[in-house]
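Here is a friendly first tour for anyone who has just opened this structure. Have the 3D view ready and follow along, stop by stop.

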Amino acid sequence: MDCRRIVMLGTALDTKGGISAVVNAYRSGGLFDRWPVRYLPTHREGRAWSKLVLAMASLARFAGLLLTRSVAVVHVHSASRASFWRKSPFLLLSFLSRRPVLFHLHGGGFREFHERECGPLARAWVRAVFRHAAHVVVLSPRWEAWVRAVEPAARTRVIPNPAPTVKPWRGKMANDAPMLLFLGAMVEKKGVFDLLQAAALLRDRHPRLRLVFGGTGVALERLKQRARELNMATWVEFPGWVDVATRDALLREANAFVLPSYYEGLPMSILEAMAMGTPVVASDVGGIPEVIENGIDGLLVGPGDVPALAAALDRLVADAALGESLAMAAQGKIERCYASERVLERVEDIYREVAGDRLPLVEHEKSRQHA
């Protein structure tokens, strides 16, 4: 048997979003150099026909790899809805070919997708994926508990997303024109309208406050309209989707990074902000409370609680010392628990466990065995 590859499936690496950010962090951390990974994109930005062509081409390549017995492990990065259904043909072929699957669950919407949007047959397929996967990789213990409640036979493994390298301390946070920053998809479930409303409540106390919404999405135009209705148009900036350099510059300037989502997995944006030394205010949903201890290395509020969100933001804007304390504690936690090398060690442990002797020894593994 010539099984010599880990086939990894996910969105195209130049696509905006959480899965591509995670996989790019894996690649920059050396995972693709240390292991024989073949990456097949199943989704990209663009027109519907180009997305379909990409998905079908990757499925054909995947089937060819299975037929030539060149697949040792299938590592599937999946979110909910269309992401899950795009991966389903790959999952079915993997199970029929008896190839071990790591089903890596991203995105905070999977529970809602399963419970509210799937019919009986779709829910049965979700349970089958959980049951037949060699491991269901989840981002936090909360998600692990949910997966096991859906399918008690699921073999789960908690592996958080890797954080970027901690940046040098940014220094004092006192700012005559304090800035609040949101980065992500402009959709209602990310809490963008709640953030706008909370900022409006702070207008009298902090007349020079700036609010920056970086990103694109279906709610963008409605959000701009709502800003005009609240007489906030001169307070709010919409730079669109920002590149890495601009993102880091905004994080370094911001008094707080704010993510008031209604559901999440373990957002890369929060890890990026913590690594940069930007205080975080976020909803206590999904894996976020596993990362942030309220009042110690960030501030947490209930989803949809606009007064609590406004109060948390007011505390940070008014108290530079609090922001500095939270930010420095957050950087320490990132270094201890979420550094890329620590997270990738856990991914590689699964590869060793699942692949057995079906993968060729790479130089990293040879030196590890002779150490």
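## A covered helix

Before the first stop, one term: contact here means heavy atoms within 4.5 Å. Keep in mind, too, that this is a predicted model.

Let's start with helix α8, which runs over residues 192-201. Most of this helix is covered, with 8 of its 10 residues buried. Those buried residues are Val192, Phe193, Asp194, Leu195, Leu196, Ala198, Ala199 and Ala200.

What do the buried residues of α8 pack against? Their partners are the strands β7 (179-183), β8 (210-214), β9 (236-237) and β10 (256-259), along with the helices α9 (220-229) and α13 (306-318).

Next up are helix α5 (residues 110-117) and helix α6 (residues 120-132). Their axes come within 9 Å and cross at roughly 140°. Angles over 145 degrees would count as roughly antiparallel, and α5 and α6 are therefore oblique to each other.

Which residues make the contact? From α5 come Phe110, His114 and Glu115, and from α6 come Arg123, Val126 and Phe130. Sorted by class, the contact of α5 with α6 has 3 nonpolar, 1 polar and 2 charged residues.

Now for the aromatics. Searching the whole structure turns up 17 aromatic pairs. One of them joins Phe84 and Phe103: the ring centres are 6.1 Å apart and the planes stand at 85°, so this pair is edge-to-face. Phe84 belongs to helix α4 (residues 82-96) and Phe103 to strand β4 (residues 101-105), so the pair ties together parts that are 19 residues apart in sequence.

Phe95 and Trp125 form another edge-to-face pair, at 6.3 Å centre to centre with 70° between the planes. Here Phe95 sits in helix α4 and Trp125 in helix α6, so the pair links parts 30 residues apart in sequence. Phe95 has a relative accessible area of 18%; the cut-off for buried is under 20%, so Phe95 counts as buried. There is also an aromatic cluster, made up of Phe84, Trp85, Phe103, Phe110, Phe113, Phe130, Trp143 and Trp146.

## Charges over rings

Rings also turn up with charged partners. Lys189 lies over the face of Tyr262, at 5.5 Å from the ring centre. Over at Trp235, the charged end of Arg203 sits over the ring, 5.9 Å from its centre.

At 0% relative accessibility, Val343 is buried. Setting aside neighbours within four places in sequence, Val343 is in contact with Ile159, Pro160, Asn161, Pro162 and Tyr338. How far apart are the C-alpha atoms of Val343 and Tyr26? They are separated by 9.1 Å, with the two residues 317 residues apart along the chain.

Finish with Thr11, which has its place in strand β1 (residues 5-11). Thr11 is buried too, with a relative accessible area of 10%. Not counting residues up to four places away in sequence, Thr11 touches Ile19, Ser20, Tyr39, Pro41 and His43.

Note on methods. Residues numbered from 1 in each chain as written. Predicted model: local features only at pLDDT ≥ 70, side-chain atom pairs only at ≥ 80, totals over all residues. Heavy atoms only, no water. Axes fitted to C-alpha atoms, helices over the stretch in contact; angles between N-to-C directions. Helix = DSSP H or I, 4+ residues; strand = E, 2+ residues; numbered from the N terminus. Parallel < 35°, antiparallel > 145°, perpendicular 65-115°, else oblique. Nonpolar A, V, L, I, M, F, W, Y, C, P; charged D, E, K, R; others polar. Buried < 20%, exposed > 50% of the residue type's maximum accessible area, 1.4 Å probe, protein only. Phe/Tyr/Trp six-rings, centres within 6.5 Å; stacked < 30°, edge-to-face > 60°. Lys NZ or Arg CZ within 6 Å of the ring centre and 35° of its normal.
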